[in-house]
Amino acid sequence: MKKISLIISFVVLFALGGNAQSGDLRFGLKFGPSFDWASSGSSETANKGVKMGFSAGAVVDYYLTRQIAVSAGVDVNYCRMKYRFTDYRKTIGFLVDTEVSVLRRIQSTNLEFPIKVKGKFNVADLFNAYAEAGIGLGFNLKDYGKDEYSVYWTDYISETYDDCTNQYRAFQPSMVFGLGAEYEINRNLSMFAQLSFHRTLLNAFVGSLEKQTGSVIRNNFIGVEVGLMH
């Protein structure tokens with residue numbers, strides 16, 4: 001939390017010398033691709049590459065001053081990742097829990113409510129730049145995974161994506177940061193493009209899986225988004 005406070009303070013100070021578009025309340029829509037990966041939080045887990053996902057959402061900015069706003073909204077994030085982790089699997093022949101290393105391709109859908117502080121400044125005629133930082137209140141909706149692993153002398157490879165939602169936390173808060181630029185089309189409408197970074201604060205796996213195997217994964221993604229503000 002100390003890091004978040006420092007970054008938010010930097011955003012506020014960064015914006016004090018600039019000029020933002022006038023208006024106390026603004027609404028917007030955004031969408032774009034994301035680049036997703038998992039941070040390994042233990043020796044039992046490892047990221048296996050960056051995958052492309054997608055996100056879309058709505059934004060509400062309330063300007064406290066001409067340069068500083070509180071930004072909130074709702075995002076739907078469709079994330080894809082590939083990582084290795086330790087899990088317990090039920091073997092067919094022995095009917096006992098067996099600890100195995102699983103390589104999973106995961107497709108996750110979550111609903112996130114970001115709350116950020118935004119600092120905006122004017123860089124040229126009709127062009128503004130901004131930085132923002134805050135937290136995201138994320139709620140995991142669905143997870144589907146294709147798994148590969150070996151038990152004794154048998155290799156298993158999933159043919160389809162199977163529902164594995166019960167292995168992941170329902171509530172996944174995150175740190176959210178962004179940098180962007182905005183072009184004023186007219187007095188009431190502007191378009192923007194931004195880079196956003198999201199990092200979950202908690203282990204994505206449920207507590208029982210972490211306790212059994214020590215597996216710790218934290219989801220991350222960088223969003224490349226475009227949108228319109230009214």
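User: Which residues make the nonpolar surface patch?

Analyst: Leu25, Phe27, Val60, Tyr62, Leu64, Val70, Ile115 and Ile135 make a nonpolar patch of about 680 Å². Patch members have over 30% relative accessible area and no salt bridge, and nonpolar side chains (Val, Leu, Ile, Met, Phe, Trp, Tyr) are joined within 5 Å, like charges within 9 Å. A salt bridge is a side-chain nitrogen of Lys or Arg within 4 Å of a carboxyl oxygen of Asp or Glu. This is a predicted model, where local features need pLDDT of at least 70 and side-chain atom pairs count only at pLDDT 80 or more, while totals for chains, interfaces and linings use all residues. Residues are numbered from 1 along each chain as its sequence is written, and side-chain values use heavy atoms, with hydrogens and water left out.

User: Which strands each supply at least two of the patch residues?

Analyst: Strand E1 (25-40) and strand E3 (51-63) do. Strands are DSSP runs (E, at least two residues), helices are H or I runs of at least four, and both are numbered from the N terminus.

User: And isoleucine 115, where is that?

Analyst: Isoleucine 115 lies in strand E5, residues 97-124. It counts as partly exposed because its relative accessibility is 43%; buried is under 20%, exposed over 50%, partly exposed in between (1.4 Å probe, protein chains only).

User: Switching topic: is glutamine 194 buried or exposed?

Analyst: Buried, because its relative accessibility is 7%. Glutamine 194 lies in strand E10, residues 190-200.

User: What do its side-chain polar contacts look like?

Analyst: The glutamine 194 side chain makes one with the side chain of tyrosine 130 at 2.7 Å, and another with the side chain of glutamate 225 at 2.6 Å. A polar contact is a pair of N or O atoms within 3.5 Å; within protein, one must be able to donate a hydrogen and the other to accept it, and residues adjacent in sequence count only if both atoms are side-chain atoms.

User: What about threonine 165, where does that lie?

Analyst: Threonine 165 lies in the loop between strand E8 (162-163) and strand E9 (174-184). It is buried, with a relative accessible area of 18%. Its side chain reaches the backbone nitrogen of aspartate 143 at 3.1 Å.

User: Last one: how many helices and strands does the chain have?

Analyst: Two helices and 11 strands, in the order α-β-β-β-β-β-β-β-β-β-β-α-β from the N terminus. Buried residues make up 46% of the 230 residues.

Notes. Areas by Shrake-Rupley, 256 points an atom, 1.4 Å probe, with all protein chains shown as cover.
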